[in-house]
Amino acid sequence: MRIDLVCPIPQSIESFITTGIVGRARQRSIVEIVLHNLHDYADNRYGHIDDEPYGGGAGMVIRCEPVFACIEQLKAERTYDEIIYLTPDGEPFTQALANTLALKTNLLFLAGRYKGVDQRVRDVLITREISIGDYVLSSGELAAAVVIDAIVRLLPGALNDAQSAQEDSFQEGLLSAPVYTRPAVFRGLAVPEVLLSGNHEAIRRWRYEQALARTRQRRPDLLATNGER
Ligand code: ADE
């Protein structure tokens with residue numbers, strides 16, 4: 001998979017793409033991630049990529065020119081499955097959407113700052129708009145990093161234990177069961193006995209029941225959308 005990220009301040013997420021699971025996936029050539037600085041495509045000698053909104057109001061708007069120049073150049077080089085704009089008014093990001101995007105070959109992300117991008121960019125270039133939650137970040141790069149992380153960890157070979165992405169929260173429409181590691185007793189707090197039993201069927205059943213109980217208590221909306229179990 002190849003991921004291009006077009007944004008105003010790529011330096012803000014450089015450590016994210018060079019470290020951890022995403023960094024390792026890049027080293028293993030499982031994913032190629034290329035950052036593009038919108039300032040490099042500014043059409044003026046000051047490097048300005050934003051301007052005041054027509055009609056007035058607070059905040060600055062990212063101009064059409066640098067975004068069209070950058071994205072049109074990238075589109076001339078390859079075909080993108082999706083060109084995604086990160087914005088609080090986009091479709092909510094879910095594990096299901098991460099699973100869908102993880103099957104693609106070329107993804108292009110546009111992350112804004114300030115008041116957002118000129119609507120004509122969205123009308124003409126963007127194929128999908130995603131929100132990572134009902135709150136406003138000052139950095140669209142951060143939202144892009146969240147989405148990219150959720151996708152990359154699903155790519156074959158990105159995680160060491162192939163099963164672990166399958167067992168994540170949300171993959172079965174449920175939150176995860178609690179996890180424990182050594183020691184078996186810490187300050188008088190014991191690990192549930194079933195986990196020490198070696199009985200894989202009993203462990204599987206216990207985890208399912210815990211996941212179901214946790215989901216019922218914390219996120220009953222998830223059960224409602226999946227049908228009551
Ligand atoms: N940019 C700023 N806030 C955002 C959000 N909640 N989701 C996606 N992009 C954003």
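Domain bounds here come from an automatic or database domain assignment.

**View 1. Two domains in one chain.** The chain splits into domain 1 (2–152) and domain 2 (170–226). Between their C-alpha centres there's a gap of 36 Å. This is a predicted model, so to speak of a local feature takes pLDDT of at least 70 and side-chain atom pairs count only at pLDDT 80 or more, while totals for chains, interfaces and linings use all residues. Residues are numbered from 1 along each chain as its sequence is written, and side-chain values use heavy atoms, with hydrogens and water left out.

View 2. Around the ligand sit Leu86, Thr87, Pro88, Ile130, Ser131, Ile132, Gly133, Tyr135, Val136, Leu137 and Ala143, each with a heavy atom within 4 Å of it.

**View 3. Backbone atoms facing ligand nitrogens.** Tyr135 puts a backbone N or O atom 2.8 Å from a nitrogen atom of the ligand. For Leu137, a backbone N or O atom is 3.0 Å from a ligand nitrogen, and a polar backbone atom of Ile132 also lies 3.0 Å from a nitrogen atom of the ligand. These are polar contacts (pairs of N or O atoms within 3.5 Å). On its own the ligand has 260 Å² of accessible area, and the protein covers 95% of that (Shrake-Rupley method, 1.4 Å probe).

**View 4. Pro178 in its loop.** You'll find Pro178 in the loop between helix H7 (162–166) and strand S8 (185–186); helices (H or I, at least four residues) and strands (E, at least two) are DSSP runs, numbered from the N terminus. Pro178 counts as buried because its relative accessibility is 17%, and buried means under 20% relative accessible area (1.4 Å probe, protein chains only). Leaving out residues up to four places away in sequence, Pro178 touches Trp206, Gln210 and Arg214 (heavy atoms within 4.5 Å). Pro178 and Gln210 are 32 residues apart in sequence, yet 7.4 Å apart C-alpha to C-alpha.

Note on methods:
Buried means under 20% relative accessible area, exposed over 50%, partly exposed in between (1.4 Å probe, protein chains only). A polar contact is a pair of N or O atoms within 3.5 Å; within protein, one must be able to donate a hydrogen and the other to accept it, and residues adjacent in sequence count only if both atoms are side-chain atoms.
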